[in-house]
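Dear colleague,

Here is the structure I promised to pass on, followed by my notes on what was found in it. Please read the notes with the model open beside you.

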Amino acid sequence: MKPRPWIVEADDGDARVEVRPVLPLHATLDHRVLDGVQAARLSARIEELLLHPELLELPA
């Protein structure tokens with residue numbers, strides 16, 4: 001993770017630039033195996049899990 005400038009929107013609609021820790025994530029997908037819809041779903045799921053890591057917890 002590296003500090004990067006990031007645009008942050010406030011509840012009132014204003015936007016400002018803040019320094020935030022950012023983790024770039026890159027993936028290479030073979031279009032012969034996955035089409036664009038599947039790749040987009042994978043990307044959305046990874047984002048969801050990164051934003052909500054509690055979803056990764058397994059029941060005891």
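Strand β1 (residues 2-9) and strand β2 (residues 15-22) pair in the antiparallel sense over eight bridges, where pairing requires that DSSP finds at least two bridges between the strands, and where helices (H or I, at least four residues) and strands (E, at least two) are DSSP runs numbered from the N terminus. K2 has V22 of β2 as its bridge partner, and in the hairpin, with five residues between the strands, G13 takes a positive phi near 95 degrees.

This is a predicted model, in which local features need pLDDT of at least 70 and side-chain atom pairs count only at pLDDT 80 or more, while totals for chains, interfaces and linings use all residues. Residues are numbered from 1 along each chain as its sequence is written, and side-chain values use heavy atoms, with hydrogens and water left out.

From the N terminus on, the elements of the protein chain run β-β-α. The radius of gyration (taken over C-alpha atoms) is 16 Å, well over the 10 Å that the globule rule (2.2 Å times the number of residues to the power 0.38) gives for 60 residues, so the chain is more spread out than a compact globule. Buried residues (under 20% relative accessible area, with a 1.4 Å probe and protein chains only) make up 7% of the 60 residues.

Finally, L25, which lies in the loop between β2 and α1 (36-51), is exposed (over 50%), with a relative accessible area of 57%.

Best wishes
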